[in-house]
Amino acid sequence: MEVLLALLVLAMLGRGLLSDAMSTPLLQSWTTVFISIVIQAMPFVALGTLLSAAIAVFVPPAFFSRALPKHPALAVPAAGLAGGILPGCECASVPVAGALVRRGVTPGAALAFLLSAPAINPVVMVSTYVAFPNQPSMVAARFGASLLVAVIMGWLWVRLGRSDWLRQPRHHDHAGQNKWLAFAAAARHDMTQAGGYLAIGAFAAATLNVTVPAEWLRAVSGNPVLSVLALAALAVVLSICSEADAFVAASLTQFSLTSRLVFLVVGPMVDLKLFAMQVGAFGRGFALRFAPATLVVAVLVAVGTGALLW
């Protein structure tokens, strides 16, 4: 609180300088891009975090294990599709995936759910449609590519994964707590994290749009390979909540639809925030193997999908 008060005092004392700075065209453009991204994305972030908290608190994790087929090869695509009914980002999918593993669900199915839930849930699909109003094919492309990546990674784990690579997640639930207090705490936690990452993503996108020389962006965006690699790397570094990343992608108008699809497919599955959560839930050895493999598969599938559609 003292830091916040000090910043307010400094802002009041320096309001003249701030006013002069805000009058520059460059900063005005930056502010316009930043605010437009945040305002467009915040309703979806709020809805996603509220629904995610409700499911985490009120829906028993055992429900998912009972609903999945017992055969691993069938459980993987079923779990991938089930991810489409869980609104929320990685903050919700990682704990649920850990609960599935604890309750005996084949790890390949749990991992397919982990990857698909933040990528194809209804809130993400609606936000993508709103962000790309003139490109409805982006919604179908994102859904299909993301689901395919989740299923491929689940099957790869069934075929190649080893039990000693996956640490059993520690138990954590809301037993013994007042449900509504637990819901409020979960929603507050998710909103704080999602809002923070949204602000970081909007800051980076606005800065990229107004400070990077246009000829640099044209050079990168004009090269199919470089544009794909650049936006894949950007998705990993920014770690934007999946309910908001479509608005950041839509603002990157210099890049092709395929490159932006790579950004949208990679981000919810392989970013720094998710990597850290995977380390905490399943161990460093798992994350060091699973994240790079997911990145490669996500880029290849997104590029292939873009090549077919556009």
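## Helix H12

Val 237 lies in helix H12, where helices (H or I, at least four residues) and strands (E, at least two) are DSSP runs numbered from the N terminus. This is a predicted model, in which local features need pLDDT of at least 70 and side-chain atom pairs count only at pLDDT 80 or more, while totals for chains, interfaces and linings use all residues. Residues are numbered from 1 along each chain as its sequence is written, and side-chain values use heavy atoms, with hydrogens and water left out.

With a relative accessible area of 55%, Val 237 is exposed; buried means under 20% relative accessible area, exposed over 50%, and partly exposed in between (1.4 Å probe, protein chains only). Val 237 and Lys 273 are 36 residues apart in sequence, and their C-alpha atoms are 8.8 Å apart in space. Helix H12 spans residues 224-238 and also holds Ser 227. Ser 227 counts as buried because its relative accessibility is 1%. When neighbours within four places in sequence are left aside, Ser 227 is in contact with Val 220, Ser 221, Phe 255 and Ser 259, contact meaning heavy atoms within 4.5 Å.

## The chain as a whole

The protein chain has 16 helices and 0 strands. Of its 310 residues, 48% count as buried. Among the contacts in the protein chain with a separation of 6 or more, 83% come from residues 24 or more positions apart.

The protein chain exposes about 14,600 Å², and carbon and sulfur atoms supply 72% of this area. Accessible areas come from the Shrake-Rupley method with a 1.4 Å probe; for residues, only the protein chains shown count as cover.

## The H7 and H8 contact

Helix H7 (residues 107-120) and helix H8 (residues 122-131) have axes that come within 5 Å and cross at roughly 40°. Axes are lines fitted to C-alpha atoms, for helices over the stretch in contact, and angles run from 0 to 180 degrees between N-to-C directions.

Pro 118, Ala 119 and Ile 120 of H7 make the contact with Pro 122, Val 124 and Met 125 of H8. These contact residues divide into 6 nonpolar, no polar and no charged. In this classification Ala, Val, Leu, Ile, Met, Phe, Trp, Tyr, Cys and Pro count as nonpolar, Asp, Glu, Lys and Arg as charged, and the others, Gly among them, as polar.

## Aromatic pairs

Rings of Phe, Tyr and Trp (its six-membered ring) pair if their centres lie within 6.5 Å; planes under 30 degrees apart count as stacked, over 60 as edge-to-face and the rest as tilted. By this rule the count comes to 5 aromatic pairs. One of them joins Trp 180 and Phe 183, an edge-to-face pair at 6.0 Å centre to centre with 80° between the planes. Both residues lie in helix H10 (residues 179-211), 3 residues apart, about one turn of the helix. Trp 180 counts as exposed at 59% relative accessibility, whereas Phe 183 is buried, with a relative accessible area of 18%.

The pair of Phe 286 and Phe 290 is stacked because the ring centres are 4.9 Å apart and the planes are at 20°. Phe 286 and Phe 290 both lie in helix H16 (residues 284-309), 4 residues apart, about one turn of the helix. Both of these phenylalanines are buried. Together with Trp 157, Trp 165 and Phe 282, Phe 286 and Phe 290 form one aromatic cluster.

Leu 156 lies in helix H9 (residues 137-160) and counts as partly exposed at 36% relative accessibility. Not counting residues up to four places away in sequence, Leu 156 touches Gly 161 and Val 297. Leu 156 and Gly 108 are 48 residues apart in sequence, and 7.7 Å separates them in space, C-alpha to C-alpha. Gly 161 is found in the loop between H9 and H10 and is partly exposed, with a relative accessible area of 28%.

His 189 lies in helix H10 and counts as partly exposed at 45% relative accessibility. His 189 and Ala 53 are 136 residues apart in sequence and 9.1 Å apart in space, C-alpha to C-alpha.
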